Amino acid sequence: MAANPLVGIFRVKELRERVIFTMLMLVVFRLGAVLPIPGINVNALKAYFLSQQNTGNAIIDYLDFFAGGAFTNFSVFMLGIMPYISMSIIMQLFLIIFPSLKKLSEEEGGRKKIQSYQRIGTVVICLIQSYAVTVWADRIPNAVTISRLSYTFIAMVTVTTGTMFLMWIGEQITKRGIGNGISLLIFAGIVARLPRAVWELVTKVKNRELNPVFVIVVFVMFAAVVALVVFEQQGQRKIPVNYAKRVVGRKMYGAQNTYIPFKINPSGVIPVIFASSLLTFPLQIASGIGANVKWLADFSRWLNPHGVAYNILYTLLIIFFAYFYTQVSLNPIEIAKNIRENGGSIPGIRTDKIEEYLMAILNRIILPGSLYLALIAILPTIVQTLFNFPASISYLMGGTSLLILVGVDLDTMSQVDALLKMHHHDGIAKKGHIRSRNL
């Protein structure tokens with residue numbers, strides 16, 4: 001038995017191989033994030049984005065945040081994994097709208113067909129977004145070093161291939177590594193930008209552009225938010241379920257008392273990622289092609305990440321996806337059906353009213369949980385408004401980044417903990433356990 005759980009990670013062969021494989025895949029991801037598209041003048045890009053940084057272009061900071069810094073590099077991974085997430089949302093909606101697709105997904109081999117449709121849709125979204133990127137690059141002085149037609153073709157193919165390769169990396173991490181691959185890619189992009197953000201913060205404090213007292217207040221506030229996020233992710237409502245005695249063959253099984261654990265925030269950080277992805281798609285197209293189309297330019301200004309309209313829409317989408325994802329992953333009708341089929345009952349609730357009871361419980365849990373998620377997600381805008389913090393720092397130290405960092409970390413730690421205990425080692429958490437969460 002390992003004295004130190006961290007040492008135990010590398011003593012267990014299976015876990016050691018999974019961790020090393022995950023780290024190697026993340027290194028490949030970060031290398032691709034700095035590898036520019038062929039035909040791009042890197043120096044011209046740096047000069048342009050530096051000038052935009054001085055003017056405080058919120059859209060660039062927003063898009064670069066979700067690409068893990070790859071957007072301003074015009075790298076092969078500049079779209080990140082967001083096109084895949086956007087298509088996942090669309091496919092989930094299609095499964096609800098079209099019964100034939102839902103039926104197909106439940107058939108043998110149907111899930112693979114749905115995944116194929118999802119990949120094809122991801123390619124389409126990538127091509128649309130990559131074309132918007134080529135239009136944007138054409139507006140940057142001296143950025144494109146080859147002909148317009150050649151660059152458009154090369155950029156669209158390269159960026160689309162980059163996103164599809166990221167999808168493959170994510171799937172391989174999930175299958176052969178540790179943690180959820182797609183979530184870890186987003187996590188790695190955020191963590192990779194933290195040192196630069198901290199250095200920028202220190203520089204601004206030294207230059208007296210930021211008040212040190214405000215910085216301390218913000219750090220204390222972020223620490224409190226992290227603690228609250230962990231508390232919320234671990235909290236759950238337990239629904240008691242009693243099972244009567246059953247006779248199976250010649251054996252009689254005694255009554256059992258158990259419970260259904262409903263988390264305070266059943267959907268985890270998924271609503272925030274879904275809402276961000278859904279807003280990133282039109283925002284990138286509008287900002288990329290907006291200079292040539294007036295109504296797109298107006299839409300881009302209206303959807304400014306620092307604006308009131310954006311934050312209201314962001315909040316509404318988070319609430320919607322909290323309900324939507326919970327209904328998909330925790331279907332009260334299916335849960336009630338399973339309880340009845342196994343001879344179970346909820347104390348004080350008639351068996352024909354179990355669905356209504358579970359639905360009422362979920363609704364009471366989801367609304368405050370989703371509002372809490374939305375409040376944390378718009379935290380960067382509040383911090384920028386009150387303390388005049390730079391956008392790049394606010395995005396990384398609060399809101400969506402905190403939710404993703406804490407949520408993915410808890411999920412990965414739960415998997416490591418389970419593997420350690422399976423091999424008779426002490427888990428990471430020696431008291432209690434870390435609850436896993438689907439992402």
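Predicted model: local features only at pLDDT ≥ 70, side-chain atom pairs only at ≥ 80, totals over all residues.
## Ground rules

Buried means under 20% relative accessible area, exposed means over 50%, and partly exposed is in between, with a 1.4 Å probe and protein chains only.

Residues are numbered from 1 along each chain as its sequence is written, and side-chain values use heavy atoms, with hydrogens and water left out.

## Aromatic pairs

The whole structure has 9 aromatic pairs (Phe, Tyr and Trp rings, the six-membered one for Trp, with centres within 6.5 Å; planes under 30 degrees apart are stacked, over 60 edge-to-face, the rest tilted). Take Phe-77 and Phe-165: their ring centres are 6.2 Å apart and their planes at 20 degrees, so they count as stacked. Phe-77 is buried at 4%, whereas Phe-165 is partly exposed at 34%.

Then there's Phe-94 with Phe-98, edge-to-face because the planes are at 70 degrees, with centres 5.6 Å apart. Phe-98 is partly exposed too, at 40% relative accessibility. Phe-29, Phe-77, Phe-165 and Trp-168 form one aromatic cluster.

Thr-163 is buried, with a relative accessible area of 0%. Beyond residues up to four places away in sequence, Thr-163 touches Ile-81, Pro-83 and Cys-126, among others (contact: heavy atoms within 4.5 Å).

Thr-134 is also buried, at 0% relative accessibility. Leaving aside neighbours within four places in sequence, its contacts include Arg-148, Tyr-151 and Met-156.
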